[in-house]
Amino acid sequence: MPKITYIEHNGKSHEIEVPKGLSVMEGAVQNNVPGIDADCGGSCACATCHVYVNEEWFEKIPKKESAEEDMIDMAFEPNKFSRLTCQITVTDELDGLVVKMPSKQG
Amino acid sequence: MGLIGLKAEVVDNLDKIGGQCIELYPDKPIYDIPALPSCTGESLTNNLLEQIKPFKTNFHLNERVQEISKEENNWKIKTSGKKVFIAPNIIIAAGVGSFEPRKFSIKEAEKFENNGIYYSIKDKTLFKNKKICIFGGGDSALDWAIELSKFAEVTLVHRRNEFRGAEHSSSVARQLEKEGKLKIKTPFQISSIEGDNKITSITIKDENGKIEKIPTDCILGFFGLIMKLGPIAEWGLNLDNKTIPVNTENFQTNKEGIFAIGDICTYPGKLKLILSGFHEGALAARACFKLARPNEKYRFEFTTTSKTLQGRLGIKKSD
């Protein structure tokens, strides 16, 4: 099962095995990883599952669509590595993905 | 509520009816509402409003319930708009909480809130001949940048080069920029705010660390809305990770007469679907009846045949 590493803003790291097909957001929420709120439940409508994807991974994961880019406008302190985890589906290729959470989601 | 003969007063912090459906996904398609092959957040809201028309429900918008207290057999409910309701039942259908503007993340922003920093505009004349920096890339940011540029010195700042607001507004803004009537700074984000008692300037920064200082009197932030649980947390209700546990017999919380339905309630097997909210509401409403009319027997009826229910719906049948 692909392993995803979620790093909280304070540096605390959570390495979670996430079944393929779930979103990176669901992997966090279902395992009580703090720092990803996902208020809208995963419909790309709230920007509270925002993370910074580790630089080396950013180009490897499927590109964001315009709806996600629009939504990131509303995220807390976005940067060029910002993604919404509800829009990233876990696959074998994502094994080892590292994401960092912002200090808060809103 | 209306169907079973109870009157509801609806309090919502948003400026319009419809909650997440209207605020978060008004144009997005929804395909899992029974008997509605497809609809949008907006059309669902409009259809529901049409359906409840006969009950003449009062809506109290732009208000949030701040305090509740027990008063004999009733609850006393106070709103942020200083309204007071006395009711035997409260139904919390608050989603993930009330909608509030997303704010600037830098710490100086709090100090200047409502004294130079604003997240909405009530009276645009206050901005006349001022130096204004507007942040955001959606319709609110673009519309206000265009409007205020008529009588103020406006700089529109956005984190990327593309605006997500209406294409027309975006091209109007770019045209104004060409004519020298509006300044546009992209891709920039706020870095700091300078000033003691009032704002004198702001510093903005791009992804590569390039810095610019802009003299300004006030800052407007349009980053959309975020949901906050707010005062609900202080009402003595059991909470489980920002949701309210209920029993599935009547969706009552740990307090008699307070019910929770929709995304805000939780129970084993809970699904955060619009579909579930309808079922939860139907059961909670019947439990409300028992507390509102303790001396009356609730009679289960169908809208297909009941003259009483059809009367409440305003349907006149010719025999």
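Predicted model: local features only at pLDDT ≥ 70, side-chain atom pairs only at ≥ 80, totals over all residues.

Colleague: How far apart are the centres of domain 1 and domain 2 of chain B?

Modeller: Residues are numbered from 1 along each chain as its sequence is written, and chains are lettered from A and ligands numbered from 1 in the order in which they are written. Chain B splits into domain 1 (9–99 + 226–312) and domain 2 (103–223), with bounds that come from an automatic or database domain assignment. Taken over C-alpha atoms, the distance between the two centres is 37 Å.

Colleague: What average pLDDT does chain B get?

Modeller: pLDDT is the predictor's confidence in each residue, from 0 to 100. The model as a whole scores ipTM 0.86 and pTM 0.82. In chain B, 99% of the residues score at least 70, and the average is 95.

Colleague: What share of chain B's residues counts as buried?

Modeller: Buried here takes 20 or more other C-beta atoms within 10 Å of a residue's own; 12 or fewer is exposed, in between is partly exposed, and C-beta atoms are placed from the backbone. The C-alpha trace of chain B spans about 70 × 45 × 40 Å along its principal axes. Of its 319 residues, the buried share is 29%.

Colleague: How many strands are there in chain B?

Modeller: Helices (H or I, at least four residues) and strands (E, at least two) are DSSP runs, numbered from the N terminus. By that count, chain B has 7 helices, and its strands number 21.

Colleague: Which residue of E6(B) stands opposite B:Lys70?

Modeller: Start with the open sheet E5-E6-E7 of chain B, 3 strands with antiparallel pairing, where a pair needs at least two bridges found by DSSP. Its edge strands, each pairing on one side only, are E5 (65–71) and E7 (84–87). E5(B) and E6 (residues 74–79) of chain B run antiparallel, joined by 6 bridges. Opposite B:Lys70 you'll find B:Trp75.

Colleague: Why is B:Asp263 buried?

Modeller: B:Asp263 is in the loop between strand E20 (258–260) and strand E21 (265–266) of chain B. Leaving out residues up to four places away in sequence, it touches B:Gly95, B:Val96 and B:Lys272, a contact being two C-beta atoms, placed from the backbone, within 7 Å. B:Asp263 counts as buried because its C-beta neighbours inside 10 Å number 26.

Colleague: Which residue joins B:Pro187 through a cis peptide bond?

Modeller: B:Pro187 is in the loop between strand E13 (183–185) and E14 of chain B. Most peptide bonds are trans. Here omega is about -15 degrees, and the partner in the cis bond is B:Thr186.

Colleague: Which residue of E16(B) does B:Ile204 stand opposite?

Modeller: Strands E14-E15-E16 of chain B form an open sheet in that order, with antiparallel pairing. The edges are E14 (189–194) and E16 (211–215). E15 (residues 201–205) of chain B pairs with E16(B) over 5 bridges. Facing B:Ile204 is B:Glu212.

Colleague: How many residues of strand E12 of chain B are buried?

Modeller: E12 (residues 153–157) of chain B runs parallel to E11 (residues 131–135), with 5 bridges between the two. Across that pair, B:Phe135 stands opposite B:Val157. E12(B) is mostly covered, and of its 5 residues the buried ones number 4.
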